[in-house]
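Subject: Structure handover

Hi,

Here is the structure I promised to pass on. Have a look at it first, and then read my notes below.

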Amino acid sequence: LKHQRDALVTANEQLQEKDQAKNEYVLRVTHDIKGHLAAIESCLDVVANGMLGPLNEKQRDFVGRAHRRTVKCMAFVMALLKLTRMKLSGRLDVERFSLRECVRSSLASVQSRAREKSIVLHHQIDPGVDEVMGEAVLIEETITNMLFNAVKYTPQGGRVGLDVTREGDFVQVRIADTGIGIPEGALPYVFQEFYRAENARAVERDGTGLGLAFAKQVVERHGGRIWAQNNPGGGSTFTFTLPNQA
């Protein structure tokens, strides 16, 4: 048993070393790609804005396609960079911040997109919930990303709700929608990097598959947990908790 335990410890250490090397390699490569993409995007901006002269309709169409693809690719690279940096650093710069204000800022960020789709965006925050300990920027980005997902995968005229409650030693953030839901077979994998359920790919082909992986990293590094479930009446609910250390 001691020999088996030692072998498992050694194997685990080797896996951690390989994972570290992989993350460092991904960080270097994506950083280099980001530089090239930024140069391409800036050149396309100049051409698309007519600074080098007027474009005919066909030229505008092709330059526009190239620009949109470059912007999507840049978004993917930036998401991958953030996720990899978080894995490598393994640390958080925590401070006391207002979760209430963080939620309001996230709601404001997605309001216009919800309005475009005639989606009712509502929220409720328990009166006793306000300050928590954590990295405010990461928490706000996590909530914003999850709200954008809910709006993106909810059809025209639907509803998206955000509820923040105190649950014992934790604060719980719950985002529910009336959207397309998650296939039951996909539920165990939705927080894996690059994974996208089949029905999500049908709605938007070019998603990164990194948003929920990023959310999981942020929440777990704060000492909370995150999960997803389907609603009985349709749509899905994503929930995460944060320690109530304020």
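Among contacts in the protein chain between residues at least 6 apart in sequence, what percentage join residues at least 24 apart? The share is 72%, where a contact means heavy atoms within 4.5 Å.

Before the rest, a word on how to read this. The model is predicted, so local features need pLDDT of at least 70 and side-chain atom pairs count only at pLDDT 80 or more, while totals for chains, interfaces and linings use all residues. Residues are numbered from 1 along each chain as its sequence is written, and side-chain values use heavy atoms, with hydrogens and water left out.

The overall picture

There are six helices and seven strands in the protein chain. Those names come from DSSP runs numbered from the N terminus: helices are H or I with at least four residues, strands are E with at least two. Reading from the N terminus, the order is α-α-β-α-β-β-α-β-β-α-α-β-β. The C-alpha trace spans about 70 × 50 × 40 Å along its principal axes.

Of the 246 residues in the chain, 37% are buried. Here buried means under 20% relative accessible area, exposed means over 50%, and partly exposed is in between, with a 1.4 Å probe and protein chains only. The chain exposes about 14,300 Å², and carbon and sulfur atoms supply 53% of that; accessible areas come from the Shrake-Rupley method with a 1.4 Å probe, and for residues only the protein chains shown count as cover.

As for charge, the chain has 32 positive and 30 negative side chains, and the centres of the two sets lie 5 Å apart. Lys and Arg count as positive and Asp and Glu as negative, leaving out His and the chain ends; each charge is placed at NZ of Lys, CZ of Arg, CG of Asp or CD of Glu.

The largest pocket

The largest pocket has a volume of about 970 Å³. A pocket is an open set of points on a 1 Å grid over the protein atoms alone where a 1.4 Å probe fits, with protein on both sides within 12 Å along at least five of seven lines; lining residues have an atom within 4 Å of a point. Grid points are joined across faces, edges and corners, and the volume is the space filled by probe spheres set on the points.

The largest share, seven residues, comes from α4.

One of those contributors, α6, has L212, A213, F214, A215, Q217, V218 and V219 as its buried residues. Just after α6, G223 takes a positive phi of about 85 degrees.

Two loop residues with positive phi

S118 has a phi near 55 degrees, a positive value in a residue other than glycine. You'll find S118 in the loop between α3 (99-116) and β2 (120-125), and at 48% relative accessibility S118 is partly exposed. F194 is not a glycine either, yet its phi is positive at about 70 degrees. F194 sits in the loop between β5 and α5 and is partly exposed, with a relative accessible area of 45%.

Around the helices

Leaving aside residues up to four places away in sequence, T70 touches L37, I40, E41 and L44.

Helix α1 (residues 2-48) holds S42, which is partly exposed at 39% relative accessibility. S42 and H67 are 25 residues apart along the chain, and their C-alpha atoms are separated by 9.3 Å.

H31 is in helix α1 too and is partly exposed, with a relative accessible area of 42%. With residues up to four places away in sequence not counted, H31 touches L81 and R85. H31 and E95 are 64 residues apart in sequence and 28 Å apart in space, C-alpha to C-alpha.

Finally, E116 is in helix α3 and counts as exposed at 55% relative accessibility.

Cheers
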